There are 2 protein chains.
Amino acid sequence: MSGEDAPAQQQNAVDQKQETKPAEEPKAEPPKTESAPAAAAEAAATPAATTAEKVPEEETFTYRALVLTGYGGYDKVKLQVKKGKPALKAGEVLVRVKACGLNFADLMARQGLYDRLPSPPVTPGMECSGVVEAVGEEVTDRKVGDRVMVLNRFGLWQEVAAVPASHTFLIPEGMSFEEAAALPVNYITAYMMLFDFGNLRPNQSVLVHAAAGGVGIAATQLCKTVKDVTVFGTASASKHETISQGGVTHAIDYRTKDYVEEVRKISPKGLDIILDPLGGSDTHKAYNLLKPMGKLITYGAANMLAGQKKNLIAVAKNWYHQFSIHTLSLIQGNKSVCGFHLGYLDGETELISQVMSTVLDLYKQGKIKPRIDSTWHLEQVGDAMRKMQERNNIGKVILTTEPMPEEEKKEEAKKEDKKEDKKKEDKKKEDKKKDDGKKEEKKDDKKKEEPKKEEKKEEEKKEEAKKEEK
Amino acid sequence: MSGEDAPAQQQNAVDQKQETKPAEEPKAEPPKTESAPAAAAEAAATPAATTAEKVPEEETFTYRALVLTGYGGYDKVKLQVKKGKPALKAGEVLVRVKACGLNFADLMARQGLYDRLPSPPVTPGMECSGVVEAVGEEVTDRKVGDRVMVLNRFGLWQEVAAVPASHTFLIPEGMSFEEAAALPVNYITAYMMLFDFGNLRPNQSVLVHAAAGGVGIAATQLCKTVKDVTVFGTASASKHETISQGGVTHAIDYRTKDYVEEVRKISPKGLDIILDPLGGSDTHKAYNLLKPMGKLITYGAANMLAGQKKNLIAVAKNWYHQFSIHTLSLIQGNKSVCGFHLGYLDGETELISQVMSTVLDLYKQGKIKPRIDSTWHLEQVGDAMRKMQERNNIGKVILTTEPMPEEEKKEEAKKEDKKEDKKKEDKKKEDKKKDDGKKEEKKDDKKKEEPKKEEKKEEEKKEEAKKEEK
């Protein structure tokens with residue numbers, strides 16, 4: 001996929017133009033002629049650039065980009081200024097980015113836990129919204145000035161991005177740039193899980209974990225487009241009112257209650273569909289909670305994320321408890337286990353476009369609406385990630401490329417000192433968590449024995465049933 | 001489920017009436033008054049019974065039943081005559097059976113490989129058609145004389161069967177008893193796999209193994225009810241013309257060609273849905289043949305069946321090669337693995353009824369029609385099973401309860417001698433297969449190394465890709 005090497009190219013945009021372009025593309029001129037109107041649009045969009053109008057823009061063009069400089073904590077994502085306009089390949093468009101969406105995969109990526117992001121230094125970001133500023137050769141369905149949302153494997157957390165036109169989708173009238181940046185990943189993910197793998201139909205029941213998160217809210221809204229669907233949603237108690245208003249039928253506080261028990265109380269036979277972003281032992285619980293003909297759709301390993309830096313114990317635990325299933329069990333249970341991650345579907349342009357078109361129709365009909373939790377300047381990306389990782393958000397966390405007002409910058413500077421304190425605090429928390437992790441590990445060893453006991457009980461029951469038949 | 005202990009009860013019908021019924025049900029009289037019209041209907045249906053009209057029918061009532069007397073070869077299913085009319089519990093109806101369907105699970109059961117059949121002696125049979133001869137208490141939607149098809153966990157290969165009314169479905173006008181006996185298991189199975197787990201939609205591609213078998217033909221017909229679905233069907237070459245006429249787009253001779261290669265030639269990206277009745281290593285192949293968002297639905301372990309008696313090597317091989325999947329692989333592949341077996345869905349009466357109603361609508365619209373391969377008398381059950389197990393059928397193998405004409409009986413008697421010869425031949429074949437199995441086992445040890453090598457290659461490729469990105 002052409003998107004794969006885009007960011008690397010952007011970072012070396014100037015070099016590339018000088019060295020490789022003439023050799024690769026004999027028609028080196030057209031991009032230049034095309035860039036004239038683009039430059040005008042750009043001038044309107046970014047007043048700062050106008051001062052350099054007379055100098056060849058390839059040299060004066062600068063843009064801010066967030067760059068993951070190495071795996072680790074929130075401070076590993078740094079705001080840098082890049083020089084040189086990204087070169088457009090055939091089929092690509094240059095997008096002046098307005099807003100970007102944060103996703104769980106970005107948090108995993110920062111810790112080195114997401115293999116779809118190339119090694120640092122690299123610009124993260126799987127979705128954004130913006131305006132088309134230039135179109136490459138062979139692009140027929142996008143024009144300068146189009147308002148678009150973008151889905152890409154990575155590389156969208158920056159002010160301009162060169163992306164395949166096929167990865168862009170026109171923003172419907174009335175949708176803000178923030179909403180447009182909040183929509184693609186969460187709604188396509190929720191839609192494909194519920195309606196492709198899940199085959200959701202009227203009267204069914206669905207468990208949505210992290211129901212106040214981006215995918216959770218999208219899934220809840222999509223469930224409500226089908227008649228009489230019961231939505232069980234987990235979230236901490238403070239978010240229950242909001243998610244209930246959003247469509248969750250039964251809100252469950254997973255921090256104080258056993259969600260399996262809570263679901264069984266209301267739906268003793270179990271559930272039709274379970275969306276599982278947690279992984280590890282929660283996948284086992286989900287499998288056992290399925291009705292016959294039920295579908296478990298696992299789409300993440302959020303349980304791996306514990307603390308802002310890679311927590312080896314959490315990762316190992318997740319691996320250790322990773323769900324594995326034999327076909328014979330599936331047959332005897334009449335169950336389905338599916339895995340989903342949009343990041344691995346980047347070759348499926350046509351499929352994604354179809355789904356996007358359906359999702360946008362639902363938006364136009366007023367049936368779905370992205371909920372924005374908060375919007376942050378690029379300078380604040382660390383705080384934005386923290387909010388999401390600590391599960392303090394209700395809805396989508398958004399980055400805006402709007403320049404930060406000077407006053408706010410001063411405020412931020414004041415906060416810096418506090419941040420340093422915060423960092424120390426974080427460090428303490430991390431250490432504490434590690435200790436807790438170790439303690440929990442010991443507990444887990446004890447817990448391991450329990451499922452075995454249960455299995456034994458099941459076997460005993462079967463034996464008895466057989467005896468009775470005899 | 002009430003069906004579970006039905007056959008045992010039927011076999012001891014006389015005893016039960018004398019001993020337990022008065023104690024359990026104070027109103028012991030109603031069944032007797034109900035049995036008067038039933039007896040009349042019965043008299044019409046079975047002329048042989050009319051001679052005993054004056055004697056209490058509980059004592060004179062006899063019926064023929066196939067009984068699995070122990071696990072093993074075809075001769076383990078014996079035709080016996082039972083005495084005493086089966087007692088009806090509340091909610092049950094007595095069905096005068098006209099025709100029965102043979103299923104792969106019956107063949108597995110005979111070898112002791114199907115845990116939904118209680119231990120011998122027991123009457124097998126999961127589906128039949130017939131006429132309601134008596135209705136028990138609390139049955140409101142069935143009446144004497146109704147033509148019905150029946151789905152039950154077992155116990156239907158006999159002339160009369162007491163079954164829950166909820167397990168019966170009215171036969172549409174114009175459908176023969178043979179068709180009605182051929183429909184339930186195959187069409188419900190194919191329908192639920194394709195449209196519940198599979199979520200089949202226009203333009204998709206489906207692989208149907210054993211496309212000339214009962215489920216195979218049902219699945220092909222159901223695929224053709226959706227626009228532009230491409231059906232890949234495996235079958236031996238002699239059956240290709242028939243299955244192609246039946247709707248298979250690409251017939252593949254699995255005996256002479258590698259079906260994976262054949263599919264890839266036509267559909268390089270792979271398939272949307274694969275129905276897998278084989279198990280073992282074929283499930284692995286199927287998984288790798290899936291497109292992103294593809295669904296693998298495994299519904300049997302036909303590979304376990306090798307020869308007429310349990311072949312321990314085949315069983316062990318199937319277990320050894322049994323497919324097991326980690327959720328992380330599912331996520332990275334965006335794939336779904338489902339298991340289906342109607343035999344484990346016997347508690348889901350409402351769900352089954354809904355599907356049956358949809359399937360019967362399709363029948364009434366002329367979109368599906370069960371294909372009967374051959375019909376056999378109860379005396380010929382061994383030959384019927386052999387035909388199916390040796391994959392010589394195209395469509396459904398049916399048993400009829402029609403008495404065998406005397407002439408045919410004489411013919412059969414003549415064949416008996418030949419059968420003895422055949423048995424000896426079978427024995428030789430079995431021995432040969434065992435030898436072959438041992439040889440193949442050795443081959444398999446060598447093959448085991450190969451997948452490991454491939455894994456290594458994949459890892460190397462990934463490493464290279466990472467290097468390039470850097």
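How much area do chain A and chain B bury between them? The value is about 4,000 Å², and 56% of it lies on carbon and sulfur atoms. Buried area here is the accessible area (1.4 Å probe) that two parts lose on being put together, summed over both. The model is predicted, so local features need pLDDT of at least 70 and side-chain atom pairs count only at pLDDT 80 or more, while totals for chains, interfaces and linings use all residues. Residues are numbered from 1 along each chain as its sequence is written, chains are lettered from A and ligands numbered from 1 in the order in which they are written, and side-chain values use heavy atoms, with hydrogens and water left out.

Chain A is superposed on chain B by a rotation of 180° with 0.0 Å of shift along its axis, at an RMSD of 0.0 Å. The two copies are thus related as by a two-fold rotation axis. The superposition is by least squares on the C-alpha atoms of residues with pLDDT of at least 70 in both copies.

At the interface, 45 residues of chain A are in contact with 45 residues of chain B, where contact means heavy atoms within 4.5 Å. Of the interface residues of chain A, 100% are also interface residues in chain B, so the copies meet through the same surface. Between the two chains, 19 residue pairs are in polar contact, with both residues at pLDDT 80 or more. A polar contact is a pair of N or O atoms within 3.5 Å; within protein, one atom must be able to donate a hydrogen and the other to accept it, and residues adjacent in sequence count only if both atoms are side-chain atoms. Six salt bridges are found across the interface of chain A and chain B, a salt bridge being a side-chain nitrogen of Lys or Arg within 4 Å of a carboxyl oxygen of Asp or Glu. A:Lys295 and B:Asp196 meet through their side chains in a salt bridge, at 2.4 Å from N to O. On the side of chain A that touches chain B, two or more residues each come from helix H8 (184-197), strand E12 (290-298), strand E13 (324-326), helix H14 (327-333) and strand E14 (336-339) of chain A. Helices (H or I, at least four residues) and strands (E, at least two) are DSSP runs, numbered from the N terminus. By class, this side of chain A has 19 nonpolar, 15 polar and 11 charged residues. Ala, Val, Leu, Ile, Met, Phe, Trp, Tyr, Cys and Pro count as nonpolar, Asp, Glu, Lys and Arg as charged, and the others, Gly among them, as polar.

Over all chains, the whole structure holds 34 salt bridges. In one of them, the closest N and O atoms of A:Arg96 and A:Glu133 are 2.8 Å apart. A:Arg96 belongs to strand E3 (residues 92-101) and A:Glu133 to strand E4 (residues 127-135) of chain A, so the pair ties together parts that are 37 residues apart in sequence. Both A:Arg96 and A:Glu133 are buried; buried means under 20% relative accessible area, exposed over 50%, and partly exposed in between (1.4 Å probe, protein chains only). In chain B, B:Arg96 and B:Glu133 form a salt bridge with the closest N and O atoms 2.8 Å apart. The relative accessible area is 7% for B:Arg96 and 2% for B:Glu133.

B:Arg64 is found in strand E1 (residues 62-68) of chain B and is buried, with a relative accessible area of 15%. The side chain of B:Arg64 reaches the backbone oxygen of B:Thr401 at 2.9 Å. Other residues that B:Arg64 touches include B:Gln158, B:Glu159 and B:Glu379.

Helix H16 (residues 381-389) of chain B has eight of its nine residues buried, so it is largely enclosed by the rest of the structure. Just after this helix, B:Arg391 takes a positive phi of about 60°.

Some backbone features occur in loops. The peptide bond from A:Pro120 to A:Pro121 is cis, with omega near 0°, and A:Pro121 lies in the loop between helix H6 (104-110) and E4 of chain A. A:Asp228 is not a glycine, yet it has a positive phi of about 55°. This residue is placed in the loop between helix H9 (214-223) and strand E9 (230-234) of chain A. A:Asp228 forms a salt bridge with A:Lys227, at 3.5 Å between the closest N and O atoms. A:Asp228 counts as partly exposed at 48% relative accessibility, whereas A:Lys227 is exposed at 61%.

Definitions and conventions: Lists of a residue's contacts leave out its neighbours within four places in sequence.
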